[in-house]
Amino acid sequence: MKNLSNQPCLIARSLALVGDAWSMLIMRDAHAGLTRFDEFRKSLQIAPTMLTARLSALTEDGLLEKRRYSERPPRDEYVLTEAGRDFLPVLFAIGAWGRKHRGGGEVTRFFDAETGTEIDPVTIDRETGAPVGTRAIRTVLPG
């Protein structure tokens, strides 16, 4: 995946950082308030070596920041950076796609804490206000 990080396509560059399921799920859990290794491990049922590798990559790539919360014994927590916080709409867009194409049965639902309404994300183009995917897209390669 690291080979994608120098591609001109920003989708490819982004996938180089968070293009695997474990990284996405760690980011989901970080947005849900998890910060500690054991919390992520319990939530995800992931092997410690895999979790260590993913947390290190997300930290190195600037989505999480490692902070020491205990000196004896030495313990760190992982908190969202600005880039990590900006990733939440991506997770919700994936969830909306999943609701439409992979729904059925019991599924997790998300509600606005202030209004109590269920969140139904829409990705729109800031300039036109049109939902992405409803208008033709033209790709321009660099150079």
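**Salt bridges and the rest of the fold**

Reply: Happy to! Let's start with a salt bridge: the side chains of D20 and R54 meet at 2.8 Å, N to O; a salt bridge here is a side-chain nitrogen of Lys or Arg within 4 Å of a carboxyl oxygen of Asp or Glu. This is a predicted model, where local features need pLDDT of at least 70 and side-chain atom pairs count only at pLDDT 80 or more, while totals for chains, interfaces and linings use all residues. Residues are numbered from 1 along each chain as its sequence is written, and side-chain values use heavy atoms, with hydrogens and water left out.

Me: Nice. Where do D20 and R54 sit in the chain?

Reply: D20 lies in the loop between α1 (10-18) and α2, and R54 belongs to helix α4 (residues 48-60). The pair links distant parts of the chain, 34 residues apart. Helices (H or I, at least four residues) and strands (E, at least two) are DSSP runs, numbered from the N terminus.

Me: And D20, how exposed is it?

Reply: D20 is partly exposed, with a relative accessible area of 23%. The classes are buried under 20%, exposed over 50% and partly exposed in between, using a 1.4 Å probe and protein chains only.

Me: How many salt bridges does a search of the whole structure find?

Reply: Seven. One of them is R28 with D29, where the closest N and O atoms are 2.9 Å apart. D29 counts as buried at 5% relative accessibility, whereas R28 is partly exposed at 37%.

Me: Which residues are linked in a network of salt bridges?

Reply: K66, R68 and D76. Within it, the side chains of R68 and D76 meet at 2.7 Å, N to O. R68 is partly exposed, with a relative accessible area of 45%.

Me: Switching topic: how do α2 and α3 cross?

Reply: The axes of α2 (residues 21-31) and α3 (residues 37-44) come within 11 Å and cross at roughly 115 degrees. Axes are lines fitted to C-alpha atoms, for helices over the stretch in contact, and angles run from 0 to 180 degrees between N-to-C directions.

Me: Which residues make that contact?

Reply: From α2 there are W22, L25, I26, R28, D29 and A30, and from α3 there are F40, S43 and L44. Contact means heavy atoms within 4.5 Å.

Me: Let's zoom out. What order do the elements run in?

Reply: The chain has six helices and two strands, and from the N terminus on they run α-α-α-α-β-β-α-α. The C-alpha atoms fill a box of roughly 55 × 45 × 25 Å, taken along the principal axes. Of the 143 residues, 22% count as buried.

Me: What does UniProt place at residues 9-106?

Reply: An unreviewed UniProt entry gives the feature "domain: HTH hxlR-type" there; such positions are in the numbering used here, feature names are shortened, and annotations may be inferred rather than shown by experiment. Over residues 9-106 the chain is 61% helix and 13% strand, with the end C-alpha atoms 36 Å apart.

Me: Is Q45 buried or exposed?

Reply: Q45 is exposed, with a relative accessible area of 65%, and is found in the loop between α3 and α4.
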